[in-house]
There are 2 protein chains.
Amino acid sequence: MTADGKIAFANRKFVPFGSGHDRENMMELRATADAVMAGARTLETPGTTMGPGGKKYQRLRLSRGLREYNLRVIVTGSGSMDLRADIFKHRFSPIIMLVSGSVPEKQLRLLRSVADEVKAFGDQEIDFPAALRWLREKWKVKRLLCEGGGALHGTMVRAGLIDELHLTICPKIFGGNTAPTFAEAGNDVRLADATPFKLNSSKRVGDELFVVFTRAKSSRRSWKRKRKRCGRNGKPADLPKRPEI
Amino acid sequence: MTADGKIAFANRKFVPFGSGHDRENMMELRATADAVMAGARTLETPGTTMGPGGKKYQRLRLSRGLREYNLRVIVTGSGSMDLRADIFKHRFSPIIMLVSGSVPEKQLRLLRSVADEVKAFGDQEIDFPAALRWLREKWKVKRLLCEGGGALHGTMVRAGLIDELHLTICPKIFGGNTAPTFAEAGNDVRLADATPFKLNSSKRVGDELFVVFTRAKSSRRSWKRKRKRCGRNGKPADLPKRPEI
């Protein structure tokens, strides 16, 4: 992402702005995962196949006891997807589609003509905890890499399903108030719900920062405890007042 | 900002989420600047006075040859501003307002009743290069700290007026597609225009990262040169194709 959290310009078209090292970092991450997942709009970008990234990474995968090619998971709650997308032209590993229960049978049949499996979870929106359980049980996915876009990231973070967050902070500012950011979806959050992470590591390569956050598992509960501790007569107290700025 | 570039939730109300160290870092920065500047909406947050942050910082300022209290600059292109805002209740240093030429005389009179000087630059939008030149000439502002909000940051970055970018990356994800980000304003940018910076330093304190970028002064020109070099017959060539992902 850019230093202001953007992953594209306002037109939402993907334009690469990371370095070669950033791409390598992504492929290194893929080489640790059983499956790679992304949203339909992200995957409609020409040239996107979600493959392991070449022989070097295939060998790395095998040496780690992983399958030579990662599974590929497409997320499309509404079932909309360009069936001519490049990903369907490369059949090196199964393509699994996660949809919601709202997708009509006719569209499901179309999706089944390009994907190896299409599975619905939830009613109007995908039930991700159930979907991830199913991926683990049926497809043996223990480590899943979610590569975007912002809406999917946001949904996954909100659902508390992200254990690690790998961010590349590039030395650019895109600006724009409709340019998509690293995490979107849902505007109804209170600070108490804002997903807390811990800074795991930060590494500089050239002018980019490679940052890893891990989920702070107990933070939400401890925030609740803090509110409760501050409160009187069962009513939550005002949170500590911020100092004058 | 959060790890996804947000500076507030979708309701745009400021809620503090940085650490005590983050606040100290901001005050340290103020203690290097002749003036501190922010947009009207940002300054309407209760408790915001844009002061130096206490005796410790006042002494630091004096030891550096700066005035004991920083000047305060309010930006409001349209001239809208809550005249009862806390900043006007603390008169330790001059308050200067930058507006555009579109503000009617009646509103200017109101603003002059609370500010020490109100000055218009540009027609419909503030002409920032001219405003900054004036601040330097009239008010001896050599180092100006711009503290937000996102729209002002975006405008300043676009205008190429930011020499240093100080970001605190907090271990939180807010998500939301209308939540304000560190840099907003303008959605019409091409990659060639995206302001390039160089990573100057990155320091971890607790779970926060304090990152400083500096403007890469020649990058825009070198990008143009690159396009030109790639082109044939005076027509810019396609930019290098990105590798398959």
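The following questions and answers concern a predicted model with chains A and B.

Me: By a rotation of how many degrees is chain B superposed on chain A?
Reply: The superposition involves 0.0 Å of shift along the rotation axis, and the RMSD is 0.0 Å. The two copies are thus related as by a two-fold rotation axis. The rotation that places chain B on chain A is one of 180 degrees.

Me: Which residue of chain B comes closest to the rotation axis?
Reply: The distance to the axis is taken at the C-alpha atom. Within chain B, the closest approach is 2.0 Å, and the residue that makes it is G5(B).

Me: How many charged residues are in the lining of the largest cavity?
Reply: A search of the whole structure for cavities of 30 Å³ or more finds one, and the largest cavity holds about 40 Å³ of space. Its lining includes K6(A), K6(B) and E184(B). By class, the lining has two nonpolar and six polar residues, and the number of charged residues is three.

Me: What percentage of the residues of chain A count as buried?
Reply: Chain A contains seven helices and nine strands. Burial here means under 20% relative accessible area. Of the 245 residues of chain A, the share that counts as buried is 46%.

Conventions. Residues are numbered from 1 along each chain as its sequence is written. Chains are lettered from A and ligands numbered from 1 in the order in which they are written. This is a predicted model: local features need pLDDT of at least 70, side-chain atom pairs count only at pLDDT 80 or more; totals for chains, interfaces and linings use all residues. Side-chain values use heavy atoms; hydrogens and water are left out. Copies are superposed by least squares on the C-alpha atoms of residues with pLDDT of at least 70 in both. On a 1 Å grid over the protein atoms alone, a cavity is a set of points where a 1.4 Å probe fits but cannot get out, and a pocket is an open set with protein on both sides within 12 Å along at least five of seven lines; lining residues have an atom within 4 Å of a point. Grid points are joined across faces, edges and corners, and a volume is the space filled by probe spheres set on the points. Ala, Val, Leu, Ile, Met, Phe, Trp, Tyr, Cys and Pro count as nonpolar, Asp, Glu, Lys and Arg as charged, and the others, Gly among them, as polar. Helices (H or I, at least four residues) and strands (E, at least two) are DSSP runs, numbered from the N terminus. Buried means under 20% relative accessible area, exposed over 50%, partly exposed in between (1.4 Å probe, protein chains only).
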